[in-house]
Amino acid sequence: MNNFSYITPTRYVFGHGAEEKAGELAKANGMTRVMIVYGKGSVVRSGLLDRVKKSLSDSCIESVDLGGIQPNPTDEKVYEGIALGRETGVDGIIAVGGGSAIDTAKAIAAGILYDGDFWDFYTGKTVVEKALPIGVVLTIPAAGSEGSGNSVITHRNGMKKLSLRTDMALRPKFSCMNPELTFTLPPYQTACGICDMMIHIFERYFSPTTGVEVTDRVAEGLIKAIMTETPKILADPCDYDARANIMWSGTLAHNGLCGTGRAEDWASHFMEHEVSALYPEVAHGAGLAVMVPAWMTHVSRTNPAKVAQLARRVLDVNETDDTKAALEGIERLRAFFTSLGLPSTLSELGVKEADIPVMVEKLHINKGEHVGAYVPLTASDTAEIYHLAM
């Protein structure tokens, strides 16, 4: 096990009516005028936005709106939010929605206090040293951004989709999590979110670090729980306990717990980012459902041990040979994803094989000659994985 430092300062307020606590939590964190960042209208139609505003008003907190955040969020709304925040003098940001709204809110929170271009943080030109405090009212369990210091934004100039990771500056001060807000999520959106949180766990689980039995077991338990609760949601979208377990799993998948003491991989995420940067209509979770089995297939040719361990401990594969166990586990994982209505090939997502060289080139420009840690991948490796995914 590697040395590590772990802190998760976010206050999670979980359960029935959690969104009604937004005002008092914002006030407790020194907010007096906030920007509410949200998506394309569901929070308005459902009345959630009004409930959040009332909670803020009851705590004597003013608010301004920034709506219209789209999936795979882009830089335009970040620049718009930075300008709006400076003009109105906000001292806090509250995201109402899922990962796209939260990631945009984080970029705005950092950008308002920075003299340069917020994109400098994402390209590594500088680091986030300070940001406005961030709060979250979560509506989509998927990205885990409600408990992490991470953010992913696509820059339209060059269609670069890059991630930013911080230990403290961009971790939300509080997250209001009411599972009832997820009851009306469409099945496909629910499935994409479930896949995303599972892959967040995989990115930590598939590690070259040894001596990490505790976090291996934490990761395996979370994956097993997600796969147990998911069919209950498909059978009854209003099953409160199943929704609650899935919502909390999404947070634990990405708040850093599963990555303590170990090197992380992230090759699958980076490869999918190039897919959804080039094809913005591709949902992140859907892209991952395709890329991860392809990645597992490739790495199992040289290092099948951890894939085989997952297969035996989580996917109930009874096979002593590591390579055979790994391949059987991959097929069972793919079958689970397809049972949720997710795709199994890039072709199903409209991705053209002719675009693979472009994705490979951009991937390695953005992430370097080698990508990933479990099995470091060269350009020839990632090209093969994209072809496998077709």
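Biologist: In which loop is Ser145 found?
Modeller: Keep in mind that this is a predicted model. Strand S5 covers 134-138 and strand S6 covers 150-155. Ser145 is found in the loop between S5 and S6.

Biologist: Is Ser145 buried or exposed?
Modeller: Buried means under 20% relative accessible area. Ser145 has 3% relative accessibility, so Ser145 counts as buried.

Biologist: With which side chain does the side chain of Ser145 make a polar contact?
Modeller: Leaving out residues up to four places away in sequence, Ser145 touches Gly99, Ile102, Asp103, Lys106, Asn150, Pro172 and His254. A polar contact needs N or O atoms within 3.5 Å. At 2.6 Å, the side chain that makes a polar contact with Ser145 is that of Asp103.

Biologist: Which side chain is joined to Arg33 by a polar contact?
Modeller: Arg33 lies in strand S2, residues 33-38. Not counting residues up to four places away in sequence, Arg33 touches Ile61, Glu62, Thr88, Gly89, Val90, Asp91 and Gly92. The side chain joined to Arg33, by a polar contact of 2.9 Å, is that of Glu62.

Biologist: How many aromatic pairs does a search of the whole structure find?
Modeller: A pair of aromatic rings is described by the distance of the centres and the angle of the planes. A search of the whole structure for such pairs gives 13.

Biologist: How many residues apart in sequence are the parts that Tyr12 and Trp248 tie together?
Modeller: The rings of Tyr12 and Trp248 form an edge-to-face pair, with 5.3 Å centre to centre and 80 degrees between the planes. Tyr12 lies in strand S1 (residues 11-14) and Trp248 in helix H9 (residues 240-252). The pair therefore ties together parts whose separation in sequence, in residues, is 236.

Biologist: In which helix does Trp295 lie, the ring partner of Phe206?
Modeller: Phe206 and Trp295 form an edge-to-face pair, at 5.3 Å centre to centre and 70 degrees between the planes. Both of these residues are buried. Phe206 lies in the loop between helix H7 (187-205) and helix H8 (213-235), whereas Trp295 lies in helix H11.

Biologist: Which residues do ring pairs link into a cluster with Phe206 and Trp295?
Modeller: One member, Tyr205, also has Lys306 over its ring face, at 4.7 Å from the ring centre. The residues linked with Phe206 and Trp295 are Phe202, Tyr205 and Tyr374.

Biologist: Which residues touch the most other members of the largest nonpolar core?
Modeller: In soluble globular proteins, nonpolar side chains tend to be buried together. Here the largest nonpolar core has 69 residues. One of them, Phe202, touches Ile223, Val292, Met296, Leu310 and Leu333, not counting residues up to four places away in sequence. The residues that touch the most other members are Met198, Phe202, Met296, Leu346 and Tyr386.

Biologist: What is phi of Trp266 near?
Modeller: Trp266 is found in the loop between H9 and helix H10 (267-278). At 9% relative accessibility, this residue counts as buried. Its phi is positive in a residue other than glycine, near 75 degrees.

Biologist: What is phi of Asp316 near?
Modeller: Asp316 sits in the loop between helix H12 (305-313) and helix H13 (322-339). Asp316 is partly exposed, with a relative accessible area of 47%. This residue, other than glycine, has a positive phi near 60 degrees.

Biologist: How many disulfides does the count come to?
Modeller: A disulfide needs two cysteine sulfur atoms within 2.5 Å. The sulfur of Cys195 is 7.4 Å from the closest cysteine sulfur, in Cys192, which is too far for a bond. The sulfur of Cys258 is 16 Å from the closest one, in Cys195, and that is also too far. The count of disulfides comes to 0.

Technical notes: Residues are numbered from 1 along each chain as its sequence is written. Side-chain values use heavy atoms; hydrogens and water are left out. Helices (H or I, at least four residues) and strands (E, at least two) are DSSP runs, numbered from the N terminus. Contact means heavy atoms within 4.5 Å. A polar contact is a pair of N or O atoms within 3.5 Å; within protein, one must be able to donate a hydrogen and the other to accept it, and residues adjacent in sequence count only if both atoms are side-chain atoms. Rings of Phe, Tyr and Trp (its six-membered ring) pair if their centres lie within 6.5 Å; planes under 30 degrees apart count as stacked, over 60 as edge-to-face and the rest as tilted. Buried means under 20% relative accessible area, exposed over 50%, partly exposed in between (1.4 Å probe, protein chains only). A charge sits over a ring if NZ of Lys or CZ of Arg is within 6 Å of the ring centre and within 35 degrees of the ring normal. A nonpolar core is a set of buried Ala, Val, Leu, Ile, Met, Phe, Trp, Tyr and Cys residues joined through side-chain atoms within 4.5 Å.
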